[in-house]
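Here is a briefing on one protein structure. Look at the sequence and the model first, then read the points below.

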Amino acid sequence: MAATQRTTRQKLRTPEEARQWLRDNGITVTAFAEQHDVCRHAVNDALRGVGKGNYGNSHAAAVALGIKHAPNSCTKPSKPARKPAAKSAKGKRA
């Protein structure tokens with residue numbers, strides 16, 4: 001039998017654990033947001049558990065806080081469903 005190779009993923013934090021980590025390290029929400037180039041409101045929302053952190057600044061804040069995994073951290077990118085249509089010499093579709 002072949003050995004299965006598994007990647008180890010870092011354990012995710014809960015919003016309360018992330019808030020406690022900031023306190024333990026003496027980092028303010030504003031300073032953390034500036035270090036990671038995200039909006040401080042998005043960081044606060046992630047710490048309060050208000051937003052889901054699916055898109056944009058809220059996702060970036062959740063990933064930086066360790067509440068969510070980084071994108072494609074253990075997944076392979078999907079292949080496009082189909083190839084773009086070829087163009088003829090005149091620039092029109094064939």
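The largest nonpolar core has 14 residues, and Leu22, Val43, Leu47, Leu65 and Ile67 touch the most other members. A nonpolar core is a set of buried Ala, Val, Leu, Ile, Met, Phe, Trp, Tyr and Cys residues joined through side-chain atoms within 4.5 Å. This is a predicted model: local features need pLDDT of at least 70, side-chain atom pairs count only at pLDDT 80 or more, and totals for chains, interfaces and linings use all residues. Residues are numbered from 1 along each chain as its sequence is written, and side-chain values use heavy atoms, leaving out hydrogens and water.

- Helices (H or I, at least four residues) and strands (E, at least two) are DSSP runs, numbered from the N terminus.
- Ile67 touches Leu12, Arg13, Thr14, Pro15, Ala18, Ala46 and Ala62, not counting residues up to four places away in sequence.
- Contact means heavy atoms within 4.5 Å.

**Helix H4**
- The buried residues of H4 are His59, Ala61, Ala62 and Leu65.
- They line one face of H4, because they fall within an arc of 160° seen down its axis; the arc is that of the directions from the helix axis to the C-beta atoms.
- These buried residues pack against H1, H2 and H3.
- His59 counts as buried at 18% relative accessibility.
- Buried means under 20% relative accessible area, exposed over 50%, and partly exposed in between (1.4 Å probe, protein chains only).
- Leaving aside neighbours within four places in sequence, His59 is in contact with Gly53, Asn54, Lys68, His69 and Pro71.

**Aromatic rings**
- The structure holds one aromatic pair.
- The ring centres of Trp21 and Phe32 are 6.4 Å apart and the planes are at 80°, so the pair is edge-to-face.
- Rings of Phe, Tyr and Trp (its six-membered ring) pair if their centres lie within 6.5 Å; planes under 30 degrees apart count as stacked, over 60 as edge-to-face and the rest as tilted.
- Trp21 lies in H1 and Phe32 in H2, so the pair ties together parts that are eleven residues apart in sequence.
- Trp21 is partly exposed at 31% relative accessibility, whereas Phe32 is buried at 2%.
- The charged end of Arg13 sits over the ring of Trp21, 4.7 Å from its centre.
- A charge sits over a ring if NZ of Lys or CZ of Arg is within 6 Å of the ring centre and within 35 degrees of the ring normal.
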